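I hope they are handy.

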Amino acid sequence: MSLHNLRTFRVFPKRYGFFPYLFLIYLVLPILNLRQEDGWKQIIGYVLLGIFLLTYRQLYVTMHNRFYTFWLSLQMLIVLVMSIAYDPSYLYMGFFPANFIGWYQDDRKFRIALGLLVVVELVPVFYHGMLGSSGALYFLPFLIIMLLSPFGVRSMIRRAELEQELDQANARIKELVKSEERARIARDLHDTLGHTLSLITLKSQLVHRLIDKDPAKAQQETKEIEQTSRAALNQVRELVSNMRAATIPEELRSAETILQTAGIQVKIDWYKEEKMTEEIPALIHNIVSMCLREAVTNVVKHSQASHCWIQVERTKEGLCCTIRDDGIGVQERQADQTRKSGGNGLKGMKERLALLEGQLTIEHGEGTLVVIEVPLIEKEQVNSK
């Protein structure tokens, strides 16, 4: 083995921490029992125990490998041999293979391995005639725990895998949100700044032609260019402000200010800011905030409402936000919005919520009701399943 391999060699993989080393404590009793043996029986016992240690190490190294079954079978065979040839107390070494049986993901392999463990444990019991002795009552509770432990280990592994999948899904959602936001920004730049800058270019060309022929008209055009450029600057500022990450409480306070400035009476009902910050991931804060901003903007621009009610509540399913106004209704608003902005606002809200498997519901009657529903998937919920 090279010097580099010696430096990188580990008895157990690093990702398992100290747990494999702690489990070795349970081999102290078998080692002490072998000290009571004599001659070749003691030597063979130590050899078998050394092979057992090798299987223990290899099972961690070959996890999910095709050799995993071989090492597990060899480990159970050693438990069987030592329990029959030496002492029934070696049956307790069955806790080692019981732990590794729980790592099987395949149901068929799991059942076969568990059945073999039952055989390994019961054969020495019948061989030594333990059923009629008092030792059977002492051994029986440990046997039950031993045979149930693979199910517990398997359940823990599945929960860990679910948490890993959840983390990967959240990372994927974040990437999708970034991609969608880049597309939205490009859309906004094209629809707003592109049109404004084209207008400035046309007016500049017109001023160039009028500067000698009609100076008064050219001066008037330059004033309009100035106004248009200021409008473009405001649009840039708005785009930049929309790009920053926001929280739902911040957006609710901003919505209250905007609605009051527009002369719309507003009532906002939402549960404690501290709990909202603790329970809701930042990604959901950001997306729901953008949807709230869009919904409030629609109320201000298109609803012609005099009152607006906003409610944010935590439900069993997740987060629910409702925005209700007493304006002209969604059908008229959609027609008005389509004429003015191409109808991309509601579409953008649906696209954002789709990334979180959320839903957007819009109803109209005496005014408009917008309902934003987002499921909250938490690790605690996964662990409780």
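1. Helix α4 (residues 39–61) and helix α5 (residues 68–85) have axes that come within 9 Å and cross at roughly 150°, which makes α4 roughly antiparallel to α5 (angles over 145 degrees count as such). Helices are DSSP runs of H or I with at least four residues, strands are E runs of at least two, and both are numbered from the N terminus. Axes are lines fitted to C-alpha atoms, for helices over the stretch in contact, with angles from 0 to 180 degrees between N-to-C directions.

2. A word on the source: this is a predicted model, where local features need pLDDT of at least 70, side-chain atom pairs count only at pLDDT 80 or more, and totals for chains, interfaces and linings use all residues. Residues are numbered from 1 along each chain as its sequence is written, and side-chain values use heavy atoms, leaving out hydrogens and water.

3. Now the sheet: five strands form an open, mixed sheet in the order β1-β2-β3-β5-β4. At its edges stand β1 (265–270) and β4 (359–365), each with a single partner strand, so one side of each lacks a neighbour in the sheet. On average, neighbouring strands are turned by 10° against each other, direction ignored.

4. β4 pairs with strand β5 (residues 367–375) in the antiparallel sense over seven bridges (pairing takes at least two DSSP bridges). Leu360 stands opposite Ile372 in β5.

5. Which strands does helix α12 (residues 282–303) lie across? They are β2, β3 and β5, and α12 runs at about 10° to β3.

Key
Angles under 35 degrees count as roughly parallel, over 145 as roughly antiparallel, 65 to 115 as roughly perpendicular and the rest as oblique. Contact means heavy atoms within 4.5 Å.
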